[in-house]
Each structure stands twice: as structure tokens, then as C-alpha cells.
Amino acid sequence: MNTERQAANYVSSTRKLAIAAGVFYLITHVTSVGASILYQPILNDASYILALGVDTQVLVGVLLEVILACAVTGTAVALFPVVKRYNEG
């Protein structure tokens with residue numbers, strides 16, 4: 001009976017980790033696409049530095065990049081306990 005409870009806890013914890021990793025993964029995709037769209041003035045306008053540019057748009061893109069970095073780290077941290085069980089190396 002105790003092993004059944006342990007097996008249920010293992011599945012439950014693995015499922016929670018998988019959901020967390022999936023959410024972080026989706027956040028990485030959303031923020032990377034959003035940041036690339038917001039960076040268009042810098043990437044396509046050669047005179048952006050010389051003229052007055054859309055600074056707010058670029059700053060929001062930078063914020064999305066920071067969120068992207070945190071989400072990538074969160075994905076790795078969430079997946080590590082699951083992957084470690086199969087091959088620690």
C-alpha cells in the first residue's frame with residue numbers, strides 16, 4: 001500500500017514539473033517572437049542611432065528579452081529533476 005502512494009506521488013510530482021516546464025517553454029516562445037517584432041526599428045533602420053527613434057518600443061523588447069532569459073532558465077530547472085532520473089550525466 002505504501003508503494004502505491006509513493007508511485008502516485010512520483011507521478012503527481014513529475015506531472016507538476018512537466019506542466020511547469022511546458023509553461024516556461026510557452027513563455028520563451030511568446031517573448032522571443034514579441035521581442036523580435038519590437039526590435040524591428042533597430043534591425044531595419046540604419047539611421048536609428050542618428051535620429052530620434054522609438055525608444056519605448058525597444059525598451060519593451062529588452063524587457064521581453066529579460067523575461068525570455070528567466071523563462072529559459074526556468075525551463076531547464078523544471079526539467080532537470082525529470083531528466084536526472086534517466087541519465088544524470
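**Contacts, helices and core**

Mentor: Leaving aside neighbours within four places in sequence, Thr31 is in contact with Leu64, Ile67 and Leu68. Keep in mind that this is a predicted model.

Trainee: Which helix does Thr31 lie in?

Mentor: Thr31 belongs to helix H1, which covers residues 2–38.

Trainee: Buried or exposed? I mean Thr31.

Mentor: Thr31 counts as buried, because its relative accessibility is 6% and the cut-off for buried is under 20%.

Trainee: What does the side chain of Thr31 reach at 3.3 Å?

Mentor: That is the backbone oxygen of Thr28. A polar atom of the Thr31 side chain also lies 2.8 Å from the backbone oxygen of Ile27.

Trainee: Let's switch to H3. How many residues has it, and what does it span?

Mentor: Helix H3 runs over residues 55–86, which is 32 residues. From first C-alpha to last it reaches 47 Å, close to the 46 Å expected at 1.5 Å a residue.

Trainee: Where in H3 does the kink lie?

Mentor: The kink lies at Phe80, shortly before the proline Pro81, and comes to about 40 degrees.

Trainee: Which residues of H3 are buried?

Mentor: Val58, Gly61, Leu64, Leu68, Ala71, Gly74, Thr75, Ala78 and Val82.

Trainee: Take Thr75 in H3. Why does Thr75 count as buried?

Mentor: Because its relative accessible area is 12%, and buried means under 20%. Its side chain reaches the backbone oxygen of Ala71 at 2.8 Å.

Trainee: And what is Thr75 in contact with, leaving aside neighbours within four places in sequence?

Mentor: Ala21, Phe24, Tyr25 and Thr28.

Trainee: Which residues make up the largest nonpolar core?

Mentor: There are six: Ala35, Leu38, Tyr39, Tyr48, Val58 and Leu64. H1 and H3 each supply at least two residues of this core.

Trainee: Pick Ala35. What is it in contact with, leaving aside neighbours within four places in sequence?

Mentor: Gly61, Leu64 and Glu65.

Trainee: Now the whole chain. How many helices and strands?

Mentor: Three helices and zero strands, in the pattern α-α-α along the sequence.

Trainee: And how much of it is buried?

Mentor: Of the 89 residues in the protein chain, 20% are buried. The accessible surface is about 6800 Å², and 70% of that belongs to carbon and sulfur atoms.

Trainee: Of contacts between residues at least 6 apart in sequence, what share joins residues at least 24 apart?

Mentor: The share is 69%.

Technical notes. Residues numbered from 1 in each chain as written. Predicted model: local features only at pLDDT ≥ 70, side-chain atom pairs only at ≥ 80, totals over all residues. Heavy atoms only, no water. Helix = DSSP H or I, 4+ residues; strand = E, 2+ residues; numbered from the N terminus. Buried < 20%, exposed > 50% of the residue type's maximum accessible area, 1.4 Å probe, protein only. Polar contact = N/O pair within 3.5 Å; in protein donor to acceptor, adjacent residues only side chain to side chain. Contact = heavy atoms within 4.5 Å. Expected span 1.5 Å × (residues − 1). Bend = angle between axes of the 7 residues up to and from the residue. Core = buried A, V, L, I, M, F, W, Y, C linked by side-chain atoms within 4.5 Å. Areas by Shrake-Rupley, 256 points an atom, 1.4 Å probe, with all protein chains shown as cover.
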